[in-house]
Amino acid sequence: MKKITIDPITRLEGHGKIEIFLTDQGDVENVYFQVPELRGFEKFCEGRPVEELSRIVTKICGVCPGCHHMAAGKAIDAVFGLAPPPTALKIRELFYMAHFIHSHIAHFYALAAPDFVVGPNADPSERNILGVIAKVGKEVGTEVIRQRRLAQEIQAMLGGHQTHVVLNIPGGVRKGLTEEQREQLIPIGKGFQKFAKFSLQLFRDVVLANSDYVNMILEGPYNLKIHSMGLVDSNNKVNFYDGMVRVVDTEGKEKYKYHAIDYRDYIAERVEPWTYLKFPYLRKIGWKGFVEGQDSGVYHATPLSRLNAADGMATPLANEAYQELFSTFGGKPVHATLAMHWARLVELLYAAERFNELIKDPEITGKELRADLKEIVGEGVGCVEAQRGTLTHHYWTDSRGMVTKVNIIVGTTNNHAAICMSLKKAAQYVIKAGIEPDQGILNQIEMAFRAYDPCFSCATHSLPGQMPLLVNFKDSDGNIIRTIQRD
Amino acid sequence: MEFEPKIVAFLCNWCSYTGADLAGTSRMKYSPSLRIIRVMCSGRICPTFIFKAFQEGADGVLVCGCHPGDCHYNEGNYKCLRRFKLIEKYIRQMGIEPDRIRLAWISASEGKLFAELANEMTQTIKNLGPSTIKAQLEQMV
Amino acid sequence: MANQDKPKLKMAIYWGAGCGGCCVSVLDVHEKLFDVVAVADLVFWPIALDIKYKDVEAMADGFIDLTLFNGAVRNSENEHMARLLRQKSKILVAYGSCAHLGGIPGLANLTNKNELFNRIYLETESTLNPDGIIPKTHFNVTEGELELPEFFNDVRALNQVVDVDYYLPGCPPRTERLIEVFMAIVNKAELPPNGSVVGAWEKTLCDECKRKKTDNKVIRKFYRPWEIHDDGETCFLEQGVICMGPATRGGCGYRCIEGNAPCQGCYGPPADAPDPGAKMMSAIGTIIDSNLEIEIEEIVDAIVDPVGTFYRFSLPKAILRKKMSVPKPVN
Amino acid sequence: MEEIRIGVYICWCGTNIAKNVDVERVAAEAGKLQGVVVARDYKYMCSDPGQDLMVKDIQEMNLNRIVVAACSPRIHEITFRKALEKAGLNPYLFQMANIREQVSWVHDDREKATQKAIDLVTGAVKRVRWQEALNKRSVKVNPATLVIGGGIAGLTAAREIARTGRIVFLVEKEKSLGGMMKKINRTFPNLDEASKYLNPIIEEVSSHPHIQVYLNSQLVKLSGYVGNFIGTVNHKETQSELEFGNIIVATGLKPFKPTPLSNYAYKRLPNIITSVEFEEMLSKGYIRLDSRQEPKHVAIIHCVGSRNPDFLPYCSRTCCQTALKFANQIKDLLPKAHVYQIYADMRSMSKGCEEMYSKTAKRGVMFLMYDQKGKLPYIREAGKNEKTRLVIEMKELLSGEQVEVTADLVILMVGMEAQETSKQLSQVLGISRCSNNFYIEKHPKLDPVATTTDGVFIVGSCQAPKEISDSASQAKAAAARVLAMINKDWVEVEVITSSVREEICCGCQICVHVCPYGAIEFLKEKKVSCVNEVICKGCGTCASACPTGAIGSRHFTEKQILAQIEGVMLQLLEV
């Protein structure tokens, strides 16, 4: 039996690694996606004052620190039994929209676009952000970078630290928004919206107008019939910051809708001895292995799953885009993994629109930023939608608010099983007995997985420079038989 | 062979160190476990010194100053006391038995008391057994 | 823009036990990206793993001009890469708090591998693990063997594994500092002696902090940030909230202070501090405003987490770098 | 950096050290340490040949660091530093290991003592490598002197200094000079008139061209340091700033008010007066009752307030003599009167007083001893048929009998306590007070008129209750100290001080209030702290309070102390 190791992958917590086992005939026998790293926040957060967790857990991920900051902030509010005043909530959400805008822009242009704009089989050395820029022109490239920078700067303005934000304090926020700042943000918000619409148009022109791409998106290997999870507001519209968790089945029917605090009734995590990352699944269904379908406990929590799990978007333009997406696929739910890129852009538009709603809201410059402490409840759950999945933080404290226990289910972890399955499907599809895999084929395997998460993707399409990918064909004794290198 | 602790003792020049000298001039016998380091005032003693002593293998650390109100520099001993309370808390958090560190007031006339203190502390450390801190710090696993 | 005839700087960035925030701080060069690309080639990036190990292994020693190593050393893979990159790099920079001092992951030195695995794989409330499965470094699946790096008991800073040429502190480092250092290297400017901290000031944060400060540094009661209503302009210490600013190098641009949050020390201690937290601990102890033992104990009691306060980013580099396991007394 | 060349000398101190410590082995082990060029043991290092041996080595082997393991540095550090100087080496490149007081004299187990000695020497060797040359510094002395208090002590000091042509500022809080002594009629033991001594001094002081007297005045603020003080003196509404080089504190004491001791019925029953009130009566030249009649029975009760744990735990020192003096004065004025000394302990110390005691006893004065630990004498109003108006009930200790003493006049020998102003002034001057609120001298035996604050001296009863002669001699002693300093024209200041590295100091100002001497100032324009090394006493507390490491403590640097810790813990010899 042969074993292929594809190992160009990064992670949230730890680097990713793909192991492909081939039958003697050369067909794919099985695929394993391993996360070899662990830091153990759940353990070493114990003993800290709970209010510090909002500053500590951002260090779980520097790519989406804002998500952990928000989940922690909400969990801490709950520990202190506090309900932040409206202004505080709006400032938090405003910050959060900026966070989504920066992350979604980065992912689409730096990580996803190269596959479509430059092409899945193009020369890998061009298949990166610079390649995209070369195709779409430097003005656009500069604009991409500019928009992301503005989003980052807004995070710094509101949260002090542009990466490891310090915005939240129990019961509210540390810093308000001044009139001047608001004035400053209005034009920037307009810019975001314009740019989001531009990006959707780009997707239509480059991807949807290209039948090869459309077929690729619809093709079997990039489809996964599993459940979809996402936060929804009272009207079942997509919400990033707050709401109830909704799960729809593979047919698109609502299966569960629950308050985050009850997450343990609906989600369980499985441990496999061959990876440090756990596998969450739908508890009531149970773990049936890495299998698709209505009876499998496997689900995903991604931009696409959020759209699947909701009845629409809460803002007009985004809602139109939402309708367009599903009508293009002939209804809900959509199981096309690659449609996640499209869904991400729909979310980008929503984030921009919501940003503009908030910035116009008179309460956003309010002076009441904090609720005062009454008593320490001692337990709290905080749940938000991270760019790459539903994120849940659960804290327990003693009577002084010192942390006794922590449980965290990170966005990407939700998709761990799904990623493994998508990879296996793609591999089985592109690696055929007798056909020697080339770099294009390898890239198509990665595309299946890249759709899930920028942290997993920036690997092969990162900054310009030499970023080769290489595959070793090993026999069962692990000897390398042949190597494909793209460079 | 019986465990003979090594205790690093920081003594202020004016009271404690003189008290220790008095124990000597009065020929009082006490345990040879102390390694005395003289500072001008207990207010000079910084947490670093205590941590360093443990890192180097000390089984215990003793800090002595003038009695409250008698500090040669008015308040140095109070500042030492304040730091010491914080150090104690930190030491506990780091899993070190708090009894391995001790703060005591010894005046220039309390040679006898110093000798007793030395024996007392030595006994405390003997009961605790040898410090494993140095060994634990040296092993990276 | 640097001129084109100059050979490009070969640059590598590796991501150990960190969060990726350091990589984001590199991305935050924003438009300056084009300048960077003009003078540097990225020959290695954290994400390309053992394949790239082989590529790196294939490189001649010293082939890489500059390596930014971010993240702490948490497992055998991190350690292997640290050694490999040291060997292949002319200049190895410990980039960011984790590589510099152990960082936030270093707080895990308050616990150990077993406690940590038990919590995460057995006890966590959402985990269903009746068979008590724990990930293994070598495991045989039906199709063959799968390997995982070995998880260490202690977290280490980079220089506890290999020699480091420079330390560029911060969680993450402020991008402006990175560019300054980067350009200095590109332009072959005079570099400080090996082992120096670069991209940070000699003076600590208070020097550039915009908050109003006086000599009124006596504290009768310590407050947790939510216990006071910060007026947004008075020195945190003078409001009774512990701020690591006085004992933490400047250079970060007092960004946390700008967000009305006290400094927690990510830029690390000033030059030649034998212990990263002891000096601040000593300062804080000294300014307690009482001479009565019981009162002092009450005041100290309000400092609820000394280790997490004074060693938030630096526990692995403390003189007492990990929690001691006390053997049960034999009787 | 220069090559470190260390010489180590192990003293036997005859057999004092050699008996319990294997000095040869200590020297041998020391010889193995890094940087040690020579390690010797010698019978008496402090002896001239011992020092010469060291000096010779320094010069011949050009040693630049010296360690001597011998007695306590508190005994011979100075001696050896001088020897280094003699050899042309800076005296601070020297470290002592105390292997006598802290090793050979306290440990019998020779093996363990030797081991400990080796560790201490190793510590000293590791430390001395980091020690730096320090240079003595001095400041000019302002020849003017401030004297606080216009009693006999202050007056004497002021006069002594002024007579040499130096300026004196004399500050007195009362409206006139003289202090307690002015209230005294005659002095013991010779019953001379106090005014005979006091008035000429007051005369001379008030008219002296070099003395400026400030009455109704108080020192409220003081800045500067030895040789260069600046003081603010409040007098009535006005204020004046004075500059002077030294301060002599002579604020005296005040009599105890006996009212709280209800058993003595003071102010409750007639004809019960304090010793001070009796002095005034004597000054008027008579002894009489409220009724203007002369008393036939006079009782003098001792230790009123003094030696009483609830009031003044200490002995007021002058009351016994005064009581004896009173007895004689009464006998002189009213030869027929019966005088009773009701005492707890007779303490007729001081020259001529014991003689006065026996003389008084011979004049038919009755001495009755009461038990201070037990029930104190109790004064009640006499009944109709008793011959006096007052009766004192007491247990007479020597006879063991319960007795009743009849009296028509009772004199309470009240104790003496510190001035209320002593606290406020101690803070202004930065000197400390004992548990009884009197000022503390620098050394109880060897430096009784100086304080721990250089340039500030304490004389007379502000240090503890005293009789006139003691106050006068202290005043003259302090004056001599001050004049010596003035004539020398400069004063040496502490070398072991703190200093700030401005390039590191972040201006957090934590150090400012940490200094007990106010030696640290924050320079606003430079945004850094700065240590006034003349005021600094070198306790090093600021160095350990500085969060940046900008403040260093000379001769006790972090490097030096950490190296010493490393040294004493270094396992050289496995036992």
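Visitor: Before we start, when are two residues in contact here?

Guide: Two residues are in contact when their C-beta atoms, placed from the backbone, lie within 7 Å. Keep in mind that this is a predicted model.

Visitor: Okay. How many residues of chain C and of chain A are in contact with each other?

Guide: On the chain C side there are 69 residues, and they touch 81 residues of chain A. The chain C side splits into 39 nonpolar, 15 polar and 15 charged residues.

Visitor: Which chains have the most contacts between them?

Guide: Chains A and C do, among the four pairs of chains that touch.

Visitor: And which pairs have no contact?

Guide: Chain A and chain B, for one: no contact joins them, and their closest C-alpha atoms lie 10 Å apart. Chain A and chain D have no contact either, with 22 Å between their closest C-alpha atoms.

Visitor: Let's go to B and D. How many residues does each put into the contact?

Guide: Chain B puts in 37 residues and chain D puts in 38.

Visitor: Which element of chain B gives the most to that side?

Guide: That's α1(B), with six residues. The elements of chain B that each supply at least two residues to the side touching chain D are α1 (16-25), β2 (34-39), α2 (47-55) and α3 (76-93). By type, this side of chain B has 17 nonpolar, nine polar and eleven charged residues.

Visitor: Switching to chain A on its own. How many helices and strands does chain A have?

Guide: Chain A has 16 helices and 16 strands. It runs to 487 residues, and 64% of them are buried.

Visitor: Now chain D. Left-handed or right-handed for α1 passing α5?

Guide: Right-handed for α1(D) passing α5(D). Helix α1 (residues 23-31) and helix α5 (residues 110-128) of chain D cross at roughly 35 degrees, with axes that come within 9 Å. D:R25, D:V26, D:E29 and D:A30 of α1(D) meet D:T114, D:A117, D:I118, D:V121 and D:V125 of α5(D). Those divide into six nonpolar, one polar and two charged.

Visitor: Parallel or antiparallel for β6 with β7?

Guide: Parallel: strand β6 (residues 145-148) of chain D pairs with β7(D) over four bridges. D:L170 in β7(D) is the bridge partner of D:V147.

Visitor: What's the strand order in that three-stranded open sheet of chain D?

Guide: The order is β20-β21-β22 (chain D), with antiparallel pairing. The edge strands, each pairing on one side only, are β20 (378-381) and β22 (402-407) of chain D. On average, neighbouring strands of this sheet are turned by 30 degrees against each other, direction ignored. β20(D) pairs with strand β21 (residues 390-395) of chain D over four bridges, and D:Y378 stands opposite D:E393 in β21(D).

Visitor: Last one: where is D:A344?

Guide: D:A344 is in the loop between β18 (338-343) and α11 (353-362) of chain D.

Visitor: Why does D:A344 count as buried?

Guide: Because D:A344 has 21 other C-beta atoms within 10 Å, and 20 or more is the cut-off for buried. Leaving aside neighbours within four places in sequence, D:A344 is in contact with D:H302, D:C303, D:R307, D:Y370 and D:Q372. D:C303 is 41 residues from D:A344 in sequence, yet the two are 6.9 Å apart in space, C-alpha to C-alpha.

Notes
Residues are numbered from 1 along each chain as its sequence is written. Chains are lettered from A and ligands numbered from 1 in the order in which they are written. This is a predicted model: local features need pLDDT of at least 70, side-chain atom pairs count only at pLDDT 80 or more; totals for chains, interfaces and linings use all residues. Ala, Val, Leu, Ile, Met, Phe, Trp, Tyr, Cys and Pro count as nonpolar, Asp, Glu, Lys and Arg as charged, and the others, Gly among them, as polar. A residue is buried if 20 or more other C-beta atoms lie within 10 Å of its own, exposed if 12 or fewer, and partly exposed in between; C-beta atoms are placed from the backbone. Axes are lines fitted to C-alpha atoms, for helices over the stretch in contact, and angles run from 0 to 180 degrees between N-to-C directions. A crossing is left-handed if the near helix is turned anticlockwise from the far one by less than a right angle, and right-handed if clockwise. Two strands pair if DSSP finds at least two bridges between them.
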